[in-house]
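Student: I would like to learn how to read a model like this one, feature by feature. Could you take me through it?

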Amino acid sequence: MSQPLLSLSGVCRHFGALKAVDDVSLDVPAGARHALIGPNGAGKSTLFKLITGAMPVTAGRVALAGADITRLPEHQRARRGISQTLQHSSLFLTQTVLQNVLLAAQRQHSSRHSLVPRRQAGARERARALLADVGLEQRASTPVAALSHGERRQVEVAVALACEPRLLLLDEPAAGMSPAESARLVALLKSLPASVTLVIVEHDLDVVFALATSVTVLHLGRVLLTGSPDEVRASAAVQEAYLGT
Ligand code: ADP
Ligand code: MG
């Protein structure tokens, strides 16, 4: 077995008496499309924060490509290739779509290379290409504040990809998207290179089962099951806890 890209061992996050994330262990192989599902309050967004470093763990270990990153601050984890979209937007509303993506692309270039003009030009081309990928070429000059909810989510995905992530975490990216927008998102995520490992939290199970190579079901902060999409669909425990049947 090759080394997992992301490895969680006994990860916990408590808020007082509430065990929001409770002893979660999980290995995500490089190149996986891993989905994290579970009812509201299961701990999915909190688990993402423990992976990105937005929040410290109460206990346990987070490793990226074999390196222990549990104590690293968020910006250092980002530099190592962890990129995310949040359940709640973090875009600059008064800036245009292109400016938002460009900012992320330039930040990426300046953190990996010295900030020479040639690199800046590269960032602009890359930002435009990403907007085309998410289907927002026509909206490049539009302030984010004027976009629909679904379009904003598309911009967030473009921003996350502009960081050239090794590990891309998407928290409910299809929420509020039209069926056409979410189909486009699925197509985009399917076309990501194998160098990007994807972990996606998504309520829309059509999106989950269209994409995922493996699925973890969280329930009350604990892992109920990790398995193939077919195993998860077939699990009686999952049906009961999550699918409500
Ligand atoms: P999910 O994303 O699966 O819906 P969350 O990770 O957002 O779940 O939340 C898991 C649990 O932790 C919920 O009961 C939520 O109310 C609680 N929680 C999340 N963040 C905090 C916080 N900062 N302080 C206290 N409780 C929190
Ligand atoms: Mg959430």
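Student: How many bridges join β1 to β2, and do the strands run parallel or antiparallel?

Tutor: This is a predicted model, and in it β1 and β2 run antiparallel, joined by 8 bridges. To place yourself along the pair, take one residue and find what faces it: Leu6 stands opposite Val28 in β2.

Student: Which strands does α1 touch where it packs on the sheet?

Tutor: The helix α1 touches β1, β2 and β4. The direction of α1 makes about 60° with that of β2.

Student: Which strand joins β1 by 5 bridges?

Tutor: That is β4, residues 59–64, which runs antiparallel to β1, residues 4–15. One position to look up is Cys12, whose bridge partner in β4 is Ala59.

Student: What should I expect of the side chains along a strand?

Tutor: In a regular strand they alternate between the two faces of the sheet. Keep that in mind when you follow a strand on screen.

Student: With which strand does β4 pair over 2 bridges?

Tutor: With β5, residues 67–68, in the antiparallel sense. Here Ala63 stands opposite Asp68 in β5. The hairpin of β4 and β5 has 2 residues between the strands, and Ala65 takes a positive phi near 50° in that hairpin.

Student: What is the order of the strands in the open sheet?

Tutor: The order is β2-β1-β4-β5, 4 strands with antiparallel pairing. To find the edges, look for strands with a single partner: these are β2 and β5, so one side of each has no neighbour in the sheet.

Student: Let us turn to the ligand. Which elements each supply at least two residues of the shell around ligand 1?

Tutor: They are β2 (18–29) and α1 (44–52). The most comes from α1, with 3 residues. The residues surrounding ligand 1 include Phe15, Leu18 and Ala20, and also Gly41, Gly43, Lys44, Ser45 and Thr46.

Student: How many residues of that shell around ligand 1 are nonpolar, polar and charged?

Tutor: The shell divides into 4 nonpolar, 6 polar and 1 charged.

Student: Now a single residue. Where is the place of Gly31?

Tutor: Gly31 is in the loop between β2 and β3 (33–37).

Student: Why is Gly31 called partly exposed?

Tutor: The idea is to count the other C-beta atoms within 10 Å: 20 or more means buried, 12 or fewer means exposed, and values in between mean partly exposed. Gly31 has 15, so it is partly exposed.

Student: What is Gly31 in contact with, leaving aside its neighbours within four places in sequence?

Tutor: Gly31 is in contact with Ala194 and Thr197. Gly31 and Arg166, for instance, are 135 residues apart in sequence and 8.9 Å apart in space, C-alpha to C-alpha.

Student: Last, the domains. How is the protein chain divided?

Tutor: Domain 1 takes 1–81 + 165–245, and domain 2 takes 89–164. Their centres, taken over C-alpha atoms, are separated by 24 Å. The contact takes 13 residues from domain 1 and 12 residues from domain 2.

Student: Which elements each supply at least two residues of the side of domain 1 that touches domain 2?

Tutor: They are β7 (167–171) and α6 (179–190). The largest share of that side, 4 residues, comes from α6. By residue class, the side of domain 1 that touches domain 2 divides into 8 nonpolar, 2 polar and 3 charged.

Terms used:
Residues numbered from 1 in each chain as written. Chains lettered and ligands numbered in written order. Predicted model: local features only at pLDDT ≥ 70, side-chain atom pairs only at ≥ 80, totals over all residues. Near = placed C-beta within 6 Å. Nonpolar A, V, L, I, M, F, W, Y, C, P; charged D, E, K, R; others polar. Contact = placed C-beta atoms within 7 Å. Pairing = 2+ DSSP bridges. Domains from an automatic or database assignment. Axes fitted to C-alpha atoms, helices over the stretch in contact; angles between N-to-C directions.
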